[in-house]
Amino acid sequence: MKKIMIIEDETALRDELSVLLQNSGYEPIAVTDYDNVSEQMKAAEADLILLDINLPNVNGETLLQDFRKQSDTPVIMLTSRTTEIDEVLSMSYGADDYITKPYNPTILLLRISAVLKRSAKVGAVQKFHDVEVSTVKGSLTRNGSEQILTKNEMIIFQLLLDRQDEIVTRDELMTALWDNDEFVNDNALSVNISRLRGKLTELGLPEAIETRKKQGYVLK
Amino acid sequence: MKLTDYLKDRLTAYLIYGTSWVLVLIFMAAFRISFQAIIIVSLILLLAIIFAELWGYFRKKGYYDKLLHCLDELDKKYLLSEMTDNPDFLDGRILYEVMQETNKSMCEHIAEYRRENKEFREYIELWVHEIKLPVASVQLMCHNDNNAKYSEQLKRIDDYIENVLYYARSGNAEKDYIIKPVSLKRTFADIAVKNREELQERNITLQTDNLDIDVMTDGKWLGFILGQLMGNSMKYEASEISVTAEDFPDKTILHFRDNGCGIPESDLPYIFDKTFTGENGRTHKKSTGMGLHIVKKLCDKLGHGVAAKSIQGEYTEIIITFGKHDLHEVTKL
């Protein structure tokens, strides 16, 4: 389970973030003592850090700058500061992403998984059972037979694969598609999923995507 | 300064001279001074007065003409006192002193307002940051409790907060934005995702074309501008929003078009005016007349052109023009 450290001084927000991360299969570590955040950041050995800019006694940007001298653990800045200047500064100090409050929880989770994937240096080829998933070619290969996925189908399959054996809601799939400039509607999503099912059936996996009524889909 | 005006202004002095000359004549006649002597004395006095008056006239004319000319040429009239010299005649010096003094006092007064304005804006910024925390918390609570009921209202609250923030920013004299290459595609996708629920609820389709272009702007400000335009399209019954960009060597033009109720021709010149709501404002309750006004102010500050085209009942199109500079090439390197 990936460990995610939360450095956020607003209690309500911190607690809700912990719940959100826990529900999404991460292990949250919440910082509650702001006297030696820098040391805690180094000691925690987290896989990813969510860092606020306005903290008691200390500035998140300074923390990040300091932290980057020793570690390349991914850091996402979560902040209510909404100027481009803050974003550019944070990115230049080595932040991996910059998200402003209030954030869409689904987007936040998508960004977290994208940053984690980038840092884990997942290769161009992933495995789903005995199917080879090539994101570069946008194809699924099993026992020598290949199915080419469209961009939309690949986005859907990728999200299901990242959360294999978990329920992914239609809302999450929709957000992921829109985030990739595919402004599809409800019908188009259903069509894409049934086409994806068709292609998996061609590969001999007709039961791969399971529908959970009123909840979403699970890739098994 | 006209000579006739000057002479008119000096009329009292001439009357005094005239009266005393008449008195002098009477006395000289009474003392039986010769006629020639009287003529000579009168001529000397007359010439002396004429020369003295001409000297006085030209001395003042030189100074005041320059002053008026300066005033005429200046586009910021209040800078006049910085542009004038201290003259060598008494009333001019008094005027000069007065001008310097009032100018100084006005500068202090303006500085005071500017400081108050700045403090107020900083407070607004701070307040916005603070109010966003509970909004963010409630939004996460909704998600964690699987309760989407409040999300829409939260989104509205957040939009209104953003409005205040950008209104404060748009009126600010200081530069608190940075211009750098920003992807139109990425910015538009972010705004689309933010508004996805409402767009889908209203069955609005999005069409984009040729947005894979970087423009020189402030990403956050552009995001706000696009959000406002999208909000308007949703408010005014659009069922399709089409966003396209055209790239030219010297500029990029963004067309934000919807097929909503459109704007009456008579209202079109005023849509960027503050608190203008027009006919659509009367038929649609939520109109404040601030959205497009802020958009216009932000575009002006960023140096983008913004214009609108519309046919009532058919479409509304907002056109934003982004300039390109050599700077673009520099930042790309």
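In the predicted model, strand β12 of chain A is joined by 2 bridges to strand β14 (residues 216-219) of chain A, and these two strands run antiparallel. Within this pair, A:Val168 lies opposite A:Tyr217 of β14(A). The pair belongs to an open sheet of 3 strands in chain A, with the order β12-β14-β13 and antiparallel pairing.

Strands β8(A) and β9(A) run antiparallel and are joined by 4 bridges. One bridge partner pair across these strands is A:Phe128 with A:Val131, the latter in β9(A). The two strands form a hairpin, with 2 residues between β8(A) and β9(A). In the turn of this hairpin, A:His129 has a positive phi of about 50°. Strand β9 (residues 131-134) of chain A is in turn joined by 3 bridges to strand β10 (residues 139-142) of chain A, and this pair also runs antiparallel. The bridge partner of A:Glu132 in β10(A) is A:Thr141.

The loop between β10 and β11 of chain A contains A:Asn143. This residue has a positive phi of about 50° although A:Asn143 is not a glycine. A:Asn143 counts as exposed because its C-beta neighbours inside 10 Å number 8, where the limit for an exposed residue is 12 or fewer. Another positive phi in a residue other than glycine, near 65°, is found at A:Asp181. A:Asp181 is placed in the loop between α7 (170-179) and α8 (186-202) of chain A. With 17 other C-beta atoms within 10 Å, A:Asp181 is partly exposed. A cis peptide bond joins A:Lys101 and A:Pro102, with omega about -10°. The loop that holds A:Pro102 lies between β7 (97-100) and α5 (105-120) of chain A.

Taken as a whole, chain A has 8 helices and 14 strands. Its C-alpha trace spans about 60 × 35 × 30 Å along the principal axes of chain A. Of the 220 residues in chain A, 36% are buried. Among contacts in chain A between residues at least 6 apart in sequence, those that join residues at least 24 apart make up 55%.

The contact between the chains takes 30 residues from chain A and 28 residues from chain B. On the side of chain B that touches chain A, two or more residues each are given by α5 (90-144), α7 (184-194), α8 (196-201), β2 (205-209) and α9 (219-235) of chain B. The largest share of that side, 11 residues, comes from α5(B). By class, the side of chain B that touches chain A has 11 nonpolar, 9 polar and 8 charged residues.

The domain assignment of chain B gives domain 1 (3-105) and domain 2 (182-332). The C-alpha centres of domain 1 and domain 2 of chain B are 64 Å apart. Helix α3 (residues 35-73) of chain B has 39 residues, which at 1.5 Å a residue should span 57 Å. Of the 39 residues of α3(B), 2 are buried, so the helix lies largely in the open.

Terms used
Residues are numbered from 1 along each chain as its sequence is written. Chains are lettered from A and ligands numbered from 1 in the order in which they are written. This is a predicted model: local features need pLDDT of at least 70, side-chain atom pairs count only at pLDDT 80 or more; totals for chains, interfaces and linings use all residues. Two strands pair if DSSP finds at least two bridges between them. The expected span of a helix is 1.5 Å times one less than its number of residues. A residue is buried if 20 or more other C-beta atoms lie within 10 Å of its own, exposed if 12 or fewer, and partly exposed in between; C-beta atoms are placed from the backbone. Two residues are in contact if their C-beta atoms, placed from the backbone, lie within 7 Å. Ala, Val, Leu, Ile, Met, Phe, Trp, Tyr, Cys and Pro count as nonpolar, Asp, Glu, Lys and Arg as charged, and the others, Gly among them, as polar. Domain bounds come from an automatic or database domain assignment.
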